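Welcome! Take a moment to look over the chain below, and then we can walk through it together.

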Amino acid sequence: QVQLVESGGGTVQAGGTLRLSCRHLGDIFSIYDMSWYRQAPGKQRELVASITTGGLLNYDESVKGRFTISRDNVRNTVNLQMNSLKPEDTAVYYCSARKSITKTWWGQGTQVTVSS
């Protein structure tokens with residue numbers, strides 16, 4: 001029903017910038033709350049940022065002031081602008097789409113590596 005395809009990951013030096021993009025396929029994008037999660041090696045998956053169907057935003061404290069989530073309901077994409085990257089940001093980043101409290105879809109993930 002829903003497919004999520006992430007892109008934009010890569011390797012960057014500390015202080016650098018990356019922009020992740022997630023393309024949403026298979027359903028009406030505008031009715032889904034969208035989020036970015038990340039999972040570092042040996043750690044649990046954690047919420048990075050989210051944006052609701054109405055445009056309300058939420059960020060993890062560790063990325064406030066550095067990351068910005070946005071959505072484009074015409075192109076059916078959600079983006080994550082990541083500035084001032086730190087080595088601690090190194091992880092696989094996953095796009096997530098939620099239609100209800102019990103219905104969530106996940107992308108395959110894109111690797112972000114920040115070197116010191």
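## Strands from end to end

Starting at the N terminus, the elements of the chain run β-β-β-β-β-β-β-β-β-β-β. In this predicted model, the chain has 11 strands and zero helices.

## Overall shape

The radius of gyration of the chain is 13 Å, close to the 13 Å given by the globule rule for 116 residues, so the chain is as compact as a globular protein of that length. Taken along the principal axes, the box that its C-alpha atoms fill is roughly 40 × 25 × 25 Å.

How far apart in sequence are the residues that meet? Among contacts between residues at least 6 apart in sequence, 53% join residues at least 24 apart.

## Inside the chain

Of the 116 residues in the chain, 41% are buried. In soluble globular proteins, nonpolar side chains tend to be buried together.

Here, the largest nonpolar core has 29 residues, and the ones touching the most other members are Met34, Trp36, Leu80, Met82 and Tyr93. Several strands each supply at least two residues of this core, among them S3 (18–25), S4 (33–39), S5 (46–51) and S7 (67–72). Strands S8 (77–82), S9 (91–100) and S11 (110–115) are also in that group. Which strand gives the largest share of this core? That is S9, with four residues.

Now for the surface. The chain exposes about 6,300 Å², and carbon and sulfur atoms supply 47% of that area.

As for charges, the chain has 13 positive and 9 negative ones, and their mean positions are 3 Å apart.

Definitions and conventions:
Residues are numbered from 1 along each chain as its sequence is written. This is a predicted model: local features need pLDDT of at least 70, side-chain atom pairs count only at pLDDT 80 or more; totals for chains, interfaces and linings use all residues. Side-chain values use heavy atoms; hydrogens and water are left out. The radius of gyration is taken over C-alpha atoms; the globule rule is 2.2 Å times the number of residues to the power 0.38. Buried means under 20% relative accessible area, exposed over 50%, partly exposed in between (1.4 Å probe, protein chains only). Contact means heavy atoms within 4.5 Å. Accessible areas come from the Shrake-Rupley method with a 1.4 Å probe; for residues, only the protein chains shown count as cover. Lys and Arg count as positive and Asp and Glu as negative; His and the chain ends are not counted. The place of a charge is taken as NZ of Lys, CZ of Arg, CG of Asp or CD of Glu. A nonpolar core is a set of buried Ala, Val, Leu, Ile, Met, Phe, Trp, Tyr and Cys residues joined through side-chain atoms within 4.5 Å.
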